[in-house]
Amino acid sequence: MRRIRVAAAQMGPIQKAETREQVVARMIALMDDAAGKGADFIVYPELALTTFFPRWYHADRAEADHWFEAQMPGPQTQPLFDRAREHGMAMSFGYAELTPDGHHFNTSILVDKSGAIIGKYRKIHLPGHDEYDEERAFQHLEKRYFEPGDLGFPVWRMLGGIFGMCICNDRRWPETYRVMGLQGVEMVVLGFNTPSVNSQKGEEGIEQRMFHHRLSLQAGAYQNATWVVAVAKAGSEDGHHLMGGTMIVDPDGFIVAQLGHEDDGVLVHDCDLDATRFGKETIFDFARHRRIAHYGLITGR
Ligand code: CDT
């Protein structure tokens with residue numbers, strides 16, 4: 001038994017006017033709650049420090065730079081790192097990253113119990129569009145503000161297990177999980193900001209969106225014999241509603257814990273990383289059963 005007590009730290013809406021200091025205070029409150037419940041590892045949403053700003057159009061892209069972090073930790077996020085170290089808790093959260101040479105990514109990091117950043121992932125599947133689209137009910141300008149990630153889908157050893165990260169739209173792509181699965185991943189953590197309606201397909205509402213969310217997570221978990229921890233930013237941000245759906249899926253593909261609200265709150269669950277063994281050693285023993293000679297269209301070979 002290799003038990004990790006995970007806290008999926010859902011965040012309610014973050015309004016445009018909220019400051020980093022206010023948001024970090026909310027994250028610290030969630031962490032203290034998780035610590036009281038004995039958590040080893042806390043996972044926050046995609047773009048956890050700000051509102052989901054890609055819904056706002058700036059003709060001049062540089063006007064969006066204030067949503068980005070040029071330093072991690074920086075002066076406003078250092079208190080979060082300090083508190084995590086005090087609690088001896090590992091963490092993962094998403095933020096908008098501005099690199100020293102001017103590149104923009106939708107990023108998440110993995111921080112170990114000592115407060116050291118041991119892993120970085122940059123979102124690869126960027127949904128939406130890069131110019132103002134008047135046909136849409138609202139904008140989703142991730143392709144305008146971010147470049148596709150350039151780090152692949154690595155995994156990291158931490159807390160006695162093998163961890164991977166992806167971000168929001170990545171969870172809908174089987175390749176995301178499989179690339180980490182091939183490296184033996186035991187827990188994939190991800191944050192998401194998913195509007196509860198489709199901006200291009202008015203009749204697709206929250207029920208269908210939630211179904212596709214669950215379908216993606218459960219399939220990814222089962223087909224790669226891995227835990228999946230998915231954490232929402234939820235509720236109405238300046239009138240734009242994001243669905244909830246924070247949940248933990250076991251390596252058999254079952255949802256073992258989920259939150260039923262759209263506010264700040266932690267979902268704590270004990271995950272046994274050894275529960276991944278059965279699937280990895282039997283039906284999804286990739287070395288024995290994959291037939292890559294027939295996957296050329298996928299691998300590009
Ligand atoms: N943040 C993010 O990736 N959201 C997308 C919305 C897709 S609609 C353009 C998602 O896949 O949930």
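**View 1. Polar contacts of Glu186.** The side chains of Glu186 and Arg2 make a polar contact of 2.7 Å (a pair of N or O atoms within 3.5 Å; within protein, one must be able to donate a hydrogen and the other to accept it, and residues adjacent in sequence count only if both atoms are side-chain atoms). A second polar contact, of 3.3 Å, joins the side chain of Glu186 to that of Arg277. The model is predicted: local features need pLDDT of at least 70 and side-chain atom pairs pLDDT 80 or more, while totals for chains, interfaces and linings use all residues. Residues are numbered from 1 along each chain as its sequence is written, and side-chain values use heavy atoms, without hydrogens or water.

View 2. Glu186 sits in the loop between H4 and S8 (helices, H or I, of at least four residues and strands, E, of at least two are DSSP runs, numbered from the N terminus). Glu186 is buried, with a relative accessible area of 3% (buried: under 20% relative accessible area, 1.4 Å probe, protein chains only). Residues touching Glu186 include Ile162, Trp227, Leu273 and Lys280 (contact: heavy atoms within 4.5 Å).

**View 3. Helix H4.** In H4 (residues 174–181), the buried residues are Thr176, Tyr177, Met180 and Gly181. Seen down the helix axis, the buried residues of H4 fall within an arc of 125°, so they line one face (directions from the axis to the C-beta atoms). Among the elements covering them are strand S7 (161–167) and helix H5 (206–224).

**View 4. The ligand.** A ligand oxygen atom is 2.8 Å from a side-chain N or O atom of Asn169, and a ligand nitrogen atom is 3.2 Å from one of Glu142.

Terms used: Buried means under 20% relative accessible area, exposed over 50%, partly exposed in between (1.4 Å probe, protein chains only). Lists of a residue's contacts leave out its neighbours within four places in sequence.
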